[in-house]
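Thanks for coming. I will go through one model today, and I will start with a question once it is on the screen.

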Amino acid sequence: MKKHAYLIIANRNFKQVELLVNTLDDARNDIYILIDKKAQETRPKFKCQYSNVYILQEIPVFWGDFSQITAEVNLFKAAASNADVEYSYYHLLSGLDLPLVSQDKMHEFFAQHPNKQFVTLSAMGNQRQLHMRLRKHLFVKNFRVSGNIIKTSFFKIFRKFENAYLSFTTHESDHIDFGSNWVTLSNEFVQKIVKKSNLDQISEVFRGGFLVDELFIPYELKKFHMENQIYHADPVHDKCDEFQGNLCYINWWDGSPLTFTKDNYNELLRAKEAGHFFARKFDIKIDKKIIEMVLEDVK
């Protein structure tokens, strides 16, 4: 039986990330971790009893910036180029995610659904706004600014002028899809993504863009004509009764997204019953109890 690769991007709450890693520890899994270089916390020594753990070279990851795609690609490359193993599936998670089901159920399910792509597509994309994301922006590391009121005010004004200019010069062409950047992908698809010639094209298309991590995987699926492999292609409207095709339950209707607490336990049970295998987001500094409850269920 082929193994799974768990790819984790982490930027804080490393004690929580350790709990995630320990939960994924299984002889059928390998775990790859990329830490945001800007993270202030002391780096732990991630250890597993059964899984191989690979710690990638850190890079600074900025919200809304191409560096988010760089982090994802680095993880895909590291796992796809591992000469010792070939993975059937690659699960891209954040350090604030948790599984909702056991590894036995996880592996049984994916063995029954080979060569599928698990992505969540959105129905709410205004095409002009999505094309705007691909335009080359300035000061891409400062899409999200907080703290300094002068700096914040400057970038708010600057973005208004920049968006007006880019909107004026935008020429729309192909239809663009977008959705969650947290995905589960097959080996066939990942191997296509990480080819050198394709990585060069990814950089050309997305570098300098805004929130392009939400465009990246849908764009690649269309480019390689693999849309027919999407497990659940119905786009979501961020409503509570919808199934999210990446199998990762995210509550956007009560937050941006909502950080789960113990009050959301029954909601997470319903999400699991509906077929979601993961959920985000959790924060050990806000509510440790819900993390303990979810992990106890997984065990």
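Does L211 count as buried or exposed? L211 counts as buried, because its relative accessibility is 15%; buried means under 20% relative accessible area, exposed over 50%, and partly exposed in between, with a 1.4 Å probe and protein chains only. L211 sits in the loop between α7 (196-206) and α8, where helices (H or I, at least four residues) and strands (E, at least two) are DSSP runs, numbered from the N terminus. The backbone at L211 has a positive phi of about 55 degrees, although L211 is not a glycine.

Before going on, the ground rules. This is a predicted model, in which local features need pLDDT of at least 70 and side-chain atom pairs count only at pLDDT 80 or more, while totals for chains, interfaces and linings use all residues. Residues are numbered from 1 along each chain as its sequence is written, and side-chain values use heavy atoms, with hydrogens and water left out.

Back to the backbone. H225 also has a positive phi, near 55 degrees, and is a residue other than glycine. H225 is in the loop between α8 and β7, and H225 is exposed, with a relative accessible area of 65%.

There are cis peptide bonds to mention as well. One joins S256 and P257, with omega about -10 degrees; P257 is in the loop between β7 (248-250) and α9 (265-274). Another runs from R280 to K281, with omega near 10 degrees, and K281 is in the loop between β8 (278-280) and α10.

R12 lies in the loop between β1 (3-10) and α1, and R12 is partly exposed, with a relative accessible area of 30%. Neighbours within four places in sequence aside, R12 is in contact (heavy atoms within 4.5 Å) with V17, E41, L96, K281 and D283.

Now the interior. In soluble globular proteins, nonpolar side chains tend to be buried together. A nonpolar core here is a set of buried Ala, Val, Leu, Ile, Met, Phe, Trp, Tyr and Cys residues joined through side-chain atoms within 4.5 Å. The largest such core has 84 residues, and those with the most contacts inside it are L7, F76, Y90, L185, F206, I217 and F282. Helix α2 (residues 67-80) gives the largest share of this core, seven residues. L7, leaving aside neighbours within four places in sequence, is in contact with Y32, L75, F76, A79, Y90, H91, L92 and L93.

Next, a helix pair. How do α1 and α10 run relative to each other? Helix α1 (residues 14-24) and helix α10 (residues 288-298) pack at an angle of about 10 degrees, with axes 11 Å apart. The axes are lines fitted to C-alpha atoms, for helices over the stretch in contact, and angles run from 0 to 180 degrees between N-to-C directions. The two helices, α1 and α10, are therefore roughly parallel to each other; angles under 35 degrees count as roughly parallel, over 145 as roughly antiparallel, 65 to 115 as roughly perpendicular and the rest as oblique. On the α1 side the contact uses Q16, L19 and T23, and on the α10 side I291, L295 and V298.

Last, the charges. A salt bridge is a side-chain nitrogen of Lys or Arg within 4 Å of a carboxyl oxygen of Asp or Glu, and by this rule the count comes to 13.

Within α1, K15 and E18 form a salt bridge at 3.8 Å, N to O, and these residues are three apart, about one turn of the helix. K15 is exposed at 61% relative accessibility, whereas E18 is partly exposed at 22%.

R43 and E58 form another, at 2.9 Å, N to O. This pair links distant parts of the chain, with R43 in the loop between β2 (29-35) and β3 (52-55) and E58 in the loop between β3 and α2, 15 residues apart.

E214 and R133 also form a salt bridge, at 2.8 Å, N to O. E214 is in helix α8 (residues 213-223) and R133 in helix α4 (residues 127-133), so the pair ties together parts 81 residues apart in sequence. E214 is partly exposed, at 21%, and R133 counts as buried, at 13%.
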